[in-house]
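Please examine the sequence and the structure shown below. The report that follows describes selected features in running text.

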Protein chains: 2
Amino acid sequence: MIEIDIQNALSETIGLRNGIGSRVLSNFLTKNKALTGKVFQSKSKMGYGFLGLPDDTKLAKKIKSFSQAQKKNKWDNIVVLGIGGSALGGIAIRDALLGSFNLLRKKPHLLFIDNIDPDFVSELFDSIDVKKSLFIVISKSGGTTEPMALYSLTRQELTKKKIKNQKKHFIFITDPKKGILRPIGKKEGIHMFDVPPTVGGRFSVLSSVGLVPVALAGVDITALLKGAKKMRELIKKSKADKNPALLLASIQYLLDKRRDKPMTVMMPYSNTLFRMGDWYRQLLAESLGKNKKTGPTPINALGTTDQHSQLQLYSDGPEDKFIIFMKVLKHNKDLTLGKDLPKELSFLHGKQLSDVLSAAYKGTSEAIAKNKRPSITLNIPKVDEENLGAMFMLLEFQIALLGLMYKVDAFNQPGVEQSKIITKKILSKIK
Amino acid sequence: MIEIDIQNALSETIGLRNGIGSRVLSNFLTKNKALTGKVFQSKSKMGYGFLGLPDDTKLAKKIKSFSQAQKKNKWDNIVVLGIGGSALGGIAIRDALLGSFNLLRKKPHLLFIDNIDPDFVSELFDSIDVKKSLFIVISKSGGTTEPMALYSLTRQELTKKKIKNQKKHFIFITDPKKGILRPIGKKEGIHMFDVPPTVGGRFSVLSSVGLVPVALAGVDITALLKGAKKMRELIKKSKADKNPALLLASIQYLLDKRRDKPMTVMMPYSNTLFRMGDWYRQLLAESLGKNKKTGPTPINALGTTDQHSQLQLYSDGPEDKFIIFMKVLKHNKDLTLGKDLPKELSFLHGKQLSDVLSAAYKGTSEAIAKNKRPSITLNIPKVDEENLGAMFMLLEFQIALLGLMYKVDAFNQPGVEQSKIITKKILSKIK
């Protein structure tokens, strides 16, 4: 299971100015241990629905048999038309399990179209054969401009290519009853999956929103759910000081409020986990960025890559960051270096690439600690479905706890309305 | 030419708590106008060499004829083995000019391998045909672990595939005299290009480091250099209040130091410009993140995508950010929406997609300003070689000016050494 190493966040390691004392942490955990129960008790309330998702084995079966049936269509591309929470979870799973060079290899390709840049969208249609593509429109309300505009454009494109049976090329994922998309789907006879009413967009990765696209691309969604369930049970049964979600939330909160660390960097030492940081970035920012004052700012980084871009700032710039490192304990593949490099690099001779990456992580995390900046490490046994599922649950639970600690509603996003209103007003004026 | 709109950073628009008064700005510009001349006078000094790069038309010709000659090899893949400044400029140009779905379309594919994650590297070799690939090893000193490890692994892979004439598959870009890579290249008879000694990695995009890879993929490097030169001349001849680099640097500095905005978000409304933000992220962080106290933290965002992820935090969270929007005035392609969406979305009917994107930018930037948070907008006439070249020069010049304002050496990165030392020590102990 995923383990959290908190040594480098403690004042015993990095000093009192930037670190949290073990005693302080222990007291805080005791004081807040009831919050875990409070989250579990809220299970049926708006927003907290994410907790129940791993139990929906019926849905998993349905999605699997649907994916199986779709195989006969031999799609070249599974194209998700969705934005924010409708895309980020799926992207995180895709990059973790299907790899970085998937477009050069296996079909079907899994693409996420999460913007309305005309160059980007035109290029999509120039690059894929729509006849061989399945489009998944994801919007809980159906009122989101981007996926709906993309849906309209895709229909146009199918018509342009003289495709008659268009409904075959679409899946909708939307609210089971409410919203704009549901009636369109009914009228057109399009296959639909539900976004459960109590699950918000950014907490929806383990619902059909995240599961349907990746199942169609071959991911084992049962294992994803199994991992999430295991993590949920671990959180439920653990004592306060062993509860990974409470530990993570408490350290995050204490570093922000008592040590003035308004930025949280998520830095996996793994290309496969990089976009997990993007998913977490929405979760953290939208859930906690409230009331003109609360909310740490999430930042993504990648090890070792960003050692050559951001490490100078992280080690030697202002002491305003908390870093969450992610370390993969066992890689799926490995390579052995030769002995052909010049003597200045002889320390690389014959080494496993995983050992080099591992040493770079250790070097960086130790250097950061020596410079008295707080960090923790999530040790991930292996990048697979189960551990990903566990990670999603861990981080979602952490955010639910942080909502209670910061005393904000972690499940709304009132601050984005104004932009939408002005945008609509501007567009309504254009003839 | 690129224009800067500063209205939403001024106290006259967003109030005194977070905005800069026009008078204050004007006085600051007058007080600091000599800095522009100081940068130009330092042209031959270490670090400032980036200023002269647009004049090297000889190099551009050499690279172009080299690229022309390489066509006969019909490479499927141009693979850059480089990290940090050896990759980020090229990635920014590739994404801006070759598009997001390039891997689905035209060959040669341009790939940047900027990490040593064993899963990532193994997947690369599983996905490409090394016989049809040209590898560009980029390291000024040749002492950087990542590209050198990748070079060694690539040779192994070529050997495994029984490729005899290996030197044909490599290009080195390195210091003209010093370092480890130069003698290897000489011994092996590998074609080499120079990294000019006075140009640092993160300022090297307009040297052979950035130019060679993209020229091989078909980018017009002469136009890139032309745009950079135009911007440099504009900076040189402009009065203080019209000098885009001085304006940009002054606003950045004043917002950080006098309005306590330690974070700078770069948010293009364009997928093509997103990775430009990644390039700038290194430039800003490594150049200014110094002395345990200076240096704003760069953050990347994408419009409209991150309206559905970060906007809640940016509008309604703590007032600690300065946003640089980037707006493309004329897209290379456009699409027209149909009139098939339900009445709730009728404001989209018949609209150009570029107008929808534009309205979203306006809605967001106005909402941000109404919430009294500072932003500026870089208006970019069009995403093409010339404007990209101009942008690189503008932002590099801005950072050189900021180095003088913050009184730090913008061209070193002492804070990354400790990590390297520990890493090497760990690896030396592994048998």
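Where in chain A is the place of A:D320? This residue of the predicted model sits in the loop between helix 13 (311-316) and strand 9 (321-328) of chain A. Is A:D320 buried or exposed? Its relative accessibility is 9%, and A:D320 therefore counts as buried, since the cut-off for buried is under 20%. Apart from neighbours within four places in sequence, A:D320 is in contact with residues of chain A, including A:D260 and A:M263, and also with B:P262 and B:T297 of chain B.

The two chains can also be considered as copies. Chain A is superposed on chain B by a rotation of 180 degrees with 0.0 Å of shift along the axis, at an RMSD of 0.0 Å. This is the relation of a two-fold axis. The same surface serves both copies, as 100% of the contact residues of chain A recur in chain B.

Over all chains, the structure holds 48 salt bridges. Three of them are listed here.

| Salt bridge | N to O distance |
|---|---|
| A:D55 and A:K229 | 3.5 Å |
| A:E386 and A:K226 | 3.7 Å |
| A:E344 and A:K343 | 4.0 Å |

A:D55 lies in the loop between helix 3 (34-41) and helix 4 (57-70), and A:K229 in helix 10 (residues 221-237), so this pair ties together parts of chain A that are 174 residues apart in sequence. Both residues belong to a network of salt bridges that links A:K43, A:D55, A:K229, A:R232 and A:E233.

With a relative accessibility of 39%, A:E344 counts as partly exposed, whereas A:K343, at 68%, counts as exposed.

Definitions and conventions. Residues numbered from 1 in each chain as written. Chains lettered and ligands numbered in written order. Predicted model: local features only at pLDDT ≥ 70, side-chain atom pairs only at ≥ 80, totals over all residues. Heavy atoms only, no water. Least-squares fit on C-alpha atoms with pLDDT ≥ 70 in both. Contact = heavy atoms within 4.5 Å. Helix = DSSP H or I, 4+ residues; strand = E, 2+ residues; numbered from the N terminus. Buried < 20%, exposed > 50% of the residue type's maximum accessible area, 1.4 Å probe, protein only. Salt bridge = Lys/Arg side-chain N within 4 Å of Asp/Glu carboxyl O.
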